Amino acid sequence: MGMSSVVGIVKDYGNSLRSARDGKLKPSFVFAPIGIPVALGAIAGVFRFGIPNSGDFVTGVSIVAALMCGVATLLFQTRIDLRQRFDGESDSFLTEGDLRLVDELFAQVMWSILSGFLLVLLLVIGDTLRSAVGDIEIVVRLSYGLTWGMVANFILTVGVVLKRMRSVYYRVAVHKRNFS
């Protein structure tokens, strides 16, 4: 695959689901971003719960994924600045944990962009397939299940991005270690 491979993004996303304390995958960390979407996708497929107007979904997801591209650019520059500050100052308030939090945020942002693009592609292909092959049961159910699973993962990932952005803001910008 070479340059077009997204394996690194997927690996970084998986690593961002590990516990900061011991580096292990925790069932509770994996359940929300993977278990809930799989369950929702299965339910949508079984009950044939489709998306009534996928064009609106395509528009909304595209806008959020595009905004995340801007966030990724800002995080990239922020990470460079933080590394220079961390390496250059012996009395820096930053810790390796702070830098790791920024890295995990970047991984989540990259995953949200990738999953947003995949979701848009899935919506377009699903509509095209259903139009081309008609009401073939397995195609319809798979299309609905995969779509709703990706929608759930995308929404949950954007939520995690917001949560981690808040954490980075307080830990790095405000210099506050304990906040609620």
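**Landmarks around the helices**

Just after α5, H175 adopts a positive phi of about 65 degrees. Keep in mind that this is a predicted model.

**Helix α5**
- α5 runs over residues 137-173.
- Its 37 residues should span 54 Å at 1.5 Å a residue, and the end C-alpha atoms of α5 lie 53 Å apart, which agrees.

**The nonpolar patch**
- On the surface, L118, L121, I125, L129, V133, I136, I138, L142 and L146 make up a nonpolar patch, and together they have about 780 Å² of accessible area.
- Both α4 (96-133) and α5 (137-173) supply at least two residues each to this patch.
- The most comes from α4, which gives 5 residues.
- An α-helix has 3.6 residues a turn, so residues three or four places apart point the same way.
- I125, one of the patch residues, sits in helix α4.
- I125 counts as partly exposed because its relative accessible area is 41%, between the cut-offs of 20% and 50%.

**The largest pocket**
- The largest pocket holds about 680 Å³ of space.
- It is lined by 24 residues, of which F29, L101, E104, K163 and R164 are the closest to its centre.
- α2 (27-46), α4 and α5 are the elements that give two or more residues to this lining.
- Here α5 gives the most, with 8 residues, whereas α4 gives the most to the nonpolar patch.

Conventions. Residues are numbered from 1 along each chain as its sequence is written. This is a predicted model: local features need pLDDT of at least 70, side-chain atom pairs count only at pLDDT 80 or more; totals for chains, interfaces and linings use all residues. Side-chain values use heavy atoms; hydrogens and water are left out. Patches are made of residues with over 30% relative accessible area and no salt bridge: like charges are joined within 9 Å, nonpolar side chains (Val, Leu, Ile, Met, Phe, Trp, Tyr) within 5 Å. Accessible areas come from the Shrake-Rupley method with a 1.4 Å probe; for residues, only the protein chains shown count as cover. A salt bridge is a side-chain nitrogen of Lys or Arg within 4 Å of a carboxyl oxygen of Asp or Glu. Helices (H or I, at least four residues) and strands (E, at least two) are DSSP runs, numbered from the N terminus. Buried means under 20% relative accessible area, exposed over 50%, partly exposed in between (1.4 Å probe, protein chains only). The expected span of a helix is 1.5 Å times one less than its number of residues. On a 1 Å grid over the protein atoms alone, a cavity is a set of points where a 1.4 Å probe fits but cannot get out, and a pocket is an open set with protein on both sides within 12 Å along at least five of seven lines; lining residues have an atom within 4 Å of a point. Grid points are joined across faces, edges and corners, and a volume is the space filled by probe spheres set on the points.
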